[in-house]
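Hello,

Here is the structure I promised to pass on. My notes follow below it.

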Amino acid sequence: MDRAEKRELVTDLNGAFKGAGSVVVAHYAGITVAQMNDLRTKMRAAGGTVKVAKNRLAKIALQGTDSEKIIDLFQGQTLIAFSDDPVTAPKVASDFAKGNDKLVILGGAMGATALDADGVKALATLPSLDELRGKLVGLLVAPATRIAQIVNAPAGQVARVIGAYARKDEAA
């Protein structure tokens with residue numbers, strides 16, 4: 001990599017760190033290319049990104065961002081997973097780490113908050129932003145559905161009583 005490519009990578013990573021809802025740092029020693037591609041595919045499908053960069057360049061890119069507190073995590077073979085949604089990157093990385101012992105989550109950051117490995121795993125258990133929106137819409141729609149059922153219930157009961165009298169008269 002020449003200087004211009006390094007400068008471009010640092011600029012891209014810096015922008016990604018500034019815009020990311022969460023950042024996860026993990027060791028990936030021993031992961032095959034196929035497994036790494038699988039992780040990248042899963043992360044991309046969920047709306048996140050996985051990058052492997054030299055630790056020195058990642059540390060430079062972290063300077064001036066909210067995630068600057070996690071500079072100490074960059075030692076050894078590290079990968080960076082990040083996403084706009086604070087739950088996506090930790091969730092995908094944790095799920096992948098459960099099935100693959102070679103991916104070891106070191107920690108991460110959510111905004112200005114530095115997270116250890118347990119913090120990342122705890123963040124992964126939270127529902128995503130889309131799931132929360134779905135639950136909220138469900139809660140908002142539920143009262144309207146109940147009101148419609150209550151309003152229609154007396155009319156339905158009256159119709160059933162009239163229908164019963166009509167059948168009784170027809171039988172007679």
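Which residues form a negative surface patch? They are Asp 2, Glu 5, Glu 8 and Asp 12, and Glu 8 has its place in helix α1 (residues 3–19). Patch residues have over 30% relative accessible area (Shrake-Rupley, 1.4 Å probe) and no salt bridge, with like charges joined within 9 Å and nonpolar side chains (Val, Leu, Ile, Met, Phe, Trp, Tyr) within 5 Å. Asp and Glu count as negative, each charge being placed at CG of Asp or CD of Glu.

A word on the source: this is a predicted model, where local features need pLDDT of at least 70 and side-chain atom pairs count only at pLDDT 80 or more, while totals for chains, interfaces and linings use all residues. Residues are numbered from 1 along each chain as its sequence is written, and side-chain values use heavy atoms, without hydrogens and water.

There is also a nonpolar surface patch, made by Leu 136, Val 137, Leu 140 and Val 141, with about 390 Å² of accessible area together. Val 137 lies in helix α6. Helices here are DSSP runs (H or I, at least four residues), numbered from the N terminus.

The structure holds one salt bridge, meaning a side-chain nitrogen of Lys or Arg within 4 Å of a carboxyl oxygen of Asp or Glu. Its partners are Asp 38 and Lys 42 (3.4 Å, N to O). Because these two are four residues apart in helix α2 (residues 33–46), about one helical turn separates Asp 38 from Lys 42.

Best wishes
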